[in-house]
Amino acid sequence: MSRIGKNPIVVPSGVTVEVAEGLVTVKGKLGQLTQEFSDVTVKLEEGQVIVERSSDHKDHRAKHGLYRSLINNMIVGVSTGFTNELELVGVGYRASNQGQKLDLALGFSHNIILEVAKEVTLETISEKGKNPIVKLTSYDKQLLGAVTAKIRNFRRPEPYKGKGIKFVGEVLRRKAGKSA
């Protein structure tokens, strides 16, 4: 049995969970999320969400832990939210925002301007002597990860000097340069 899937999800106060035909809806102070599910049954008992599978078929076992994790992420998201921080490492790399438009100067001939989804809160932090930081906050973990990955793919960290867009606290594997 899936070790993740068999754990019940505790629903905190201020969060409501509704289970309908193949659809879970979670509402909280930060927003509302819905998720379709199949091959598993979702029950709401005594302030806990329990995910059970119908058989030991390979697909059912795979989806058991998946849907439990997705529902847990929805509950955590609408109650506390998620945050990702990206650090721009490189000479002349800058970040600024005007509302939901992120303006990145990453060493290309033109700045990159990205319109971020309204569900994601965008903040840029620029301090003298430190690398610029782009802080993304959202209640939807999947959307936040997609936006973060898109920004990171503009300039992935390279292994020789470490220049690029990396997560705050991420340790990069560095390579030695040419030996003379």
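## A hairpin, a pocket and a helix residue

Let's begin at a turn: Gly 99 takes a positive phi near 70° in the hairpin of β8 and β9, where two residues lie between the strands. Please keep in mind that this is a predicted model.

**The hairpin**
- Strands β8 (residues 94–98) and β9 (residues 101–105) run antiparallel and are joined by five bridges.
- Across from Asn 97 you will find Leu 102, which belongs to β9.

**The largest pocket**
- The largest pocket holds about 160 Å³ of space.
- Its lining is made up of Leu 33, Thr 34, Gln 35, Leu 70, Asn 73, Met 74, Asp 140, Lys 141 and Gln 142.
- By type, three of these lining residues are nonpolar, four are polar and two are charged.
- At least two lining residues come from each of β4 (32–36), α1 (58–79) and α2 (141–152).

**A residue of helix α1**
- Asn 72 has its place in helix α1.
- Is Asn 72 buried or partly exposed? Asn 72 counts as partly exposed because its relative accessible area is 23%, and buried would mean under 20%.
- Between Asn 72 and Asp 39 there are 33 residues in sequence and 18 Å in space, taken from C-alpha to C-alpha.

**Rings**
- Which ring does the charged end of Arg 155 sit over? That ring belongs to Phe 108, and the charged end is 4.3 Å from the ring's centre.
- As for aromatic pairs, the structure holds zero.

How values were computed:
Residues numbered from 1 in each chain as written. Predicted model: local features only at pLDDT ≥ 70, side-chain atom pairs only at ≥ 80, totals over all residues. Heavy atoms only, no water. Phe/Tyr/Trp six-rings, centres within 6.5 Å; stacked < 30°, edge-to-face > 60°. Lys NZ or Arg CZ within 6 Å of the ring centre and 35° of its normal. 1 Å grid on protein atoms, 1.4 Å probe; cavity = no way out; pocket = protein on both sides within 12 Å on 5 of 7 lines; lining within 4 Å. Points joined across faces, edges and corners; volume = space filled by probe spheres on them. Helix = DSSP H or I, 4+ residues; strand = E, 2+ residues; numbered from the N terminus. Nonpolar A, V, L, I, M, F, W, Y, C, P; charged D, E, K, R; others polar. Buried < 20%, exposed > 50% of the residue type's maximum accessible area, 1.4 Å probe, protein only. Pairing = 2+ DSSP bridges.
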